[in-house]
Amino acid sequence: MDQVAIIGAGIAGLSCAVELERKGIRPVIFEQKHQVGSPFTFAPLLLNFMVPPMGDLTEKLKREYQLTLKTLVPLKSLVIKGPNVEYATKGRLGHILLRGQGRQTIESQLSGMLKTPIRFQNHVKAEELLKDFNYLVVADGTNRWAKKLHIWQSAFQGWIRGATVLGNFNPFQAKVWVNADYCQGGLAYLTPISSQKASLTLIAPNIQPEQLNSLWQKFLEEENIQEQLVELWDVDYETGLVHPHRVGNTFFTGNSGGFVSSWFGSGVFTSIISGIQAARSIAGNADYEKNMGPYSHLLQRHARVQKFWHRLDNRGIDRVLRLIFALPFKQIFFHSNLNLLKVADPLFHHLLKETKDPIQP
């Protein structure tokens with residue numbers, strides 16, 4: 001029997017394959033598309049304060065996992081605009097990444113590290129692969145297999161619309177909009193790809209596909225976005241929580257393992273870690289569940305915050321933003337190593353329990 005099969009050549013699957021090769025194992029990688037990366041370009045944020053208290057996440061990847069990835073630029077400024085308030089914070093906030101196709105994308109960087117060829121345009125079934133391989137890594141970004149095993153709990157369902165925007169941008173600054181009129185409990189954000197090009201994304205949970213266009217138009221009009229939009233794309237998206245993350249010799253990674261949050265495109269860092277830790281478990285009998293425990297708890301907290309956020313009206317959104325950006329909370333949240341998400345988590349857990357809408361560990 002072959003040793004390891006990986007379903008999906010996304011960032012989790014590719015990270016797993018890179019680490020396996022370092023351990024002397026050549027996996028078999030199956031990818032249903034004809035090349036790595038999504039067909040559209042987008043630029044998610046790698047925000048240090050979303051994964052406290054780890055500091056610079058690219059440095060952590062380099063230091064602890066010997067994985068060096070090139071980002072577009074460091075993020076030095078973040079502007080967050082609510083319905084009636086607007087705030088900004090500056091400093092070493094994280095990095096702007098490039099996803100999609102092309103040499104600078106995270107997917108292309110990871111695939112370029114591999115010696116193992118990727119088997120493109122291969123539609124495979126996990127059940128069948130388990131007959132021929134000792135280990136299976138599910139990394140296709142879907143929840144199909146986790147749902148079949150009844151280990152998936154949905155955390156976010158909705159639609160995402162994105163576009164490439166042409167104009168003049170500060171390449172080190174991202175902007176976020178939160179407004180219930182068009183986000184429906186989600187958010188929108190603009191991240192520069194260069195000084196002349198940016199990625200614009202609207203995330204709207206719990207909507208029907210026919211609502212997306214009107215919400216998008218309302219967003220553009222209300223925020224007076226007049227730059228030229230090209231390469232428009234829509235994605236029906238779901239994230240969730242998975243437990244356990246290993247069933248027998250099957251490892252669930254990336255979004256398939258519940259290691260992605262829908263906020264700001266979050267999930268690159270945790271997806272990469274999940275792929276690496278799955279490889280280390282396969283190669284050295286490390287405890288995958290234990291090693292991914294801190295990240296699983298982190299995503300559970302994210303999910304509880306999201307559930308709470310989805311219920312806010314515009315008045316509530318403005319109140320929360322005023323609180324976050326009031327001293328000393330602003331300094332603690334954005335620029336300290338204090339895990340404020342962990343400290344505040346019992347409150348969100350209680351609020352959701354009171355409303356019978358819990359996110360369970």
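Visitor: Is Asn224 exposed or buried?

Guide: In this predicted model, Asn224 is exposed, because its relative accessible area of 52% passes the cut-off of over 50%. Asn224 belongs to the loop between helix 7 and strand 12.

Visitor: What is the phi of Asn224?

Guide: The general idea comes first. Most residues other than glycine have a negative phi, and most peptide bonds are trans. The phi of Asn224 is near 55 degrees, which is a positive value in a residue other than glycine.

Visitor: Where are cis peptide bonds found?

Guide: One runs from His243 to Pro244, with omega near -5 degrees. Pro244 lies in the loop between strand 12 and strand 13 (246-247). Another cis bond joins Leu327 and Pro328, where omega is about 5 degrees. Pro328 is placed in the loop between helix 11 (314-324) and helix 12 (329-335).

Visitor: Which strands pair in the parallel sense, and which in the antiparallel sense?

Guide: Strand 9 illustrates both. With strand 4 (residues 73-81), strand 9 pairs in the parallel sense over five bridges, and Ser77 has Gln173 of strand 9 as its bridge partner. With strand 10 (residues 187-192), strand 9 (residues 173-177) pairs in the antiparallel sense over three bridges. There, Trp177 stands opposite Ala188 of strand 10.

Visitor: How many bridges join strand 8 to strand 12?

Guide: The two strands run antiparallel and are joined by 13 bridges, with Gly158 opposite Tyr237 of strand 12. Strand 8 also pairs with strand 11 in the antiparallel sense, over nine bridges; in strand 11, Ser199 is the bridge partner of Thr164.

Visitor: Which residues does Phe156 touch?

Guide: In a regular strand the side chains alternate between the two faces of the sheet. Phe156 has its place in strand 8 and counts as buried at 2% relative accessibility. Leaving aside residues up to four places away in sequence, its contacts include Ile203, Tyr237, Ser262, Gln306 and His310. Phe156 and Ser262 are 106 residues apart along the chain, with their C-alpha atoms separated by 7.2 Å.

Visitor: How should the helices be read, and what span should helix 8 have?

Guide: An α-helix has 3.6 residues a turn, so residues three or four places apart point the same way. At 1.5 Å a residue, the 17 residues of helix 8 should span 24 Å, and the end C-alpha atoms are 24 Å apart, which agrees. Helix 8 is mostly covered, with 14 of its 17 residues buried. Helix 10 (residues 293-310) is also mostly covered, with 14 of its 18 residues buried.

Visitor: At what angle do helix 1 and helix 8 cross?

Guide: The axes of helix 1 (residues 11-22) and helix 8 (residues 268-284) cross at roughly 35 degrees and come within 7 Å. The crossing is right-handed. Among the residues that make the contact are Ile11, Ser15 and Glu19 of helix 1, and Ile272, Gly275 and Ala279 of helix 8. By class, the contact has 10 nonpolar, four polar and two charged residues.

Methods. Residues are numbered from 1 along each chain as its sequence is written. This is a predicted model: local features need pLDDT of at least 70, side-chain atom pairs count only at pLDDT 80 or more; totals for chains, interfaces and linings use all residues. Side-chain values use heavy atoms; hydrogens and water are left out. Axes are lines fitted to C-alpha atoms, for helices over the stretch in contact, and angles run from 0 to 180 degrees between N-to-C directions. Helices (H or I, at least four residues) and strands (E, at least two) are DSSP runs, numbered from the N terminus. A crossing is left-handed if the near helix is turned anticlockwise from the far one by less than a right angle, and right-handed if clockwise. Contact means heavy atoms within 4.5 Å. Ala, Val, Leu, Ile, Met, Phe, Trp, Tyr, Cys and Pro count as nonpolar, Asp, Glu, Lys and Arg as charged, and the others, Gly among them, as polar. Two strands pair if DSSP finds at least two bridges between them. Buried means under 20% relative accessible area, exposed over 50%, partly exposed in between (1.4 Å probe, protein chains only). The expected span of a helix is 1.5 Å times one less than its number of residues.
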